[in-house]
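These are my notebook entries on one protein structure. I set down what I looked up, entry by entry.

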Amino acid sequence: MKKISLIVWLILTLIFAPLGQAASDDTCAAVGYFDEPSVIGSLSVTNVGCTPKLVILYASRGIADGSNTNFTMMYGVGTSSTQQGVIAWVSTDNIALTATKRIKDNSNILQRFLNGGGLVVATASLTSLDSNGFTLDFTKVPVAVQAINYLVIGGTNVSAYVGTN
């Protein structure tokens with residue numbers, strides 16, 4: 001996890017450090033959120049301000065405010081329908097170590113656990129980067145939807161790549 005966080009930090013530093021010196025009108029970044037759909041199918045996220053070159057999704061969930069029980073987290077990145085990946089993990093507090101699960105998937109941009117039992121409740125792939133947003137294809141949707149945060153970076157001066165290791 002530290003390696004992925006460092007890579008994301010490095011990418012953002014390389015992109016935004018020059019912006020503070022001489023920002024270009026055709027470089028953009030936007031943050032926001034969307035709610036997971038309640039039915040399987042496409043979901044378009046629009047009005048981000050530009051055509052994204054990189055989409056970063058992230059979400060976390062705790063069962064109760066201030067508690068550490070059933071904590072889940074996911075990070076997904078994508079630059080195209082063929083360059084995407086997600087890591088997700090869950091930890092159920094105060095029970096055996098078998099209640100900790102993790103997943104790494106290079107064919108989806110979103111996968112989310114429900115609890116320490118390892119049940120994946122949401123799965124989506126990045127299908128397109130659109131002129132003012134991006135489109136996801138949800139193949140699994142949760143009973144209780146959750147907000148998913150996003151960061152998009154785009155513009156003609158931006159290049160991005162998502163690979164595997």
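**Notebook: sheet, disulfide and salt bridge**

I first looked up strand 4 (residues 71-78) and strand 5 (residues 84-91), and found them antiparallel and joined by eight bridges. Strands here are DSSP runs of E with at least two residues, numbered from the N terminus. Two strands count as paired if DSSP finds at least two bridges between them. As one example, I noted that V77 has G85 in strand 5 as its bridge partner.

I recorded the basis of the entries next: the model is predicted, local features need pLDDT of at least 70, side-chain atom pairs count only at pLDDT 80 or more, and totals for chains, interfaces and linings use all residues. Residues are numbered from 1 along each chain as its sequence is written, and side-chain values use heavy atoms, with hydrogens and water left out.

**Entry: the rest of the sheet**

I then followed strand 3 to its partners. Seven bridges pair strand 3 with strand 4 in the antiparallel sense; A59 has M74 in strand 4 as its bridge partner. Strand 3 also runs antiparallel to strand 10 (residues 147-155), with six bridges between them.

In what order do the six strands form the open sheet? I read the order as 1-10-3-4-5-6, with antiparallel pairing. Strand 1 (27-35) and strand 6 (100-105) stand at the edges with a single partner strand each, so one side of each has no neighbour in the sheet. From one strand to the next, the twist averages 10°; axes for such angles are lines fitted to C-alpha atoms, and angles run from 0 to 180 degrees between N-to-C directions.

**Entry: the disulfide**

I searched the whole structure for disulfides (cysteine sulfur atoms within 2.5 Å) and found one. C28 and C50 form this link, with an S to S distance of 1.7 Å. It connects distant parts of the chain, 22 residues apart: C28 lies in strand 1, and C50 in the loop between strand 2 (41-46) and strand 3 (52-61). Both C28 and C50 are buried, that is, under 20% relative accessible area with a 1.4 Å probe, protein chains only.

**Entry: the salt bridge**

Side chains of opposite charge can pair when their charged atoms come close. I searched for salt bridges (a side-chain nitrogen of Lys or Arg within 4 Å of a carboxyl oxygen of Asp or Glu) and found one in the whole structure. The side chains of E36 and R112 form it, at 2.8 Å from N to O. E36 is in the loop between strand 1 and strand 2, while R112 is in strand 7 (residues 110-113), 76 residues apart. I noted E36 and R112 as buried.

Terms used
Helix = DSSP H or I, 4+ residues; strand = E, 2+ residues; numbered from the N terminus. Buried < 20%, exposed > 50% of the residue type's maximum accessible area, 1.4 Å probe, protein only.
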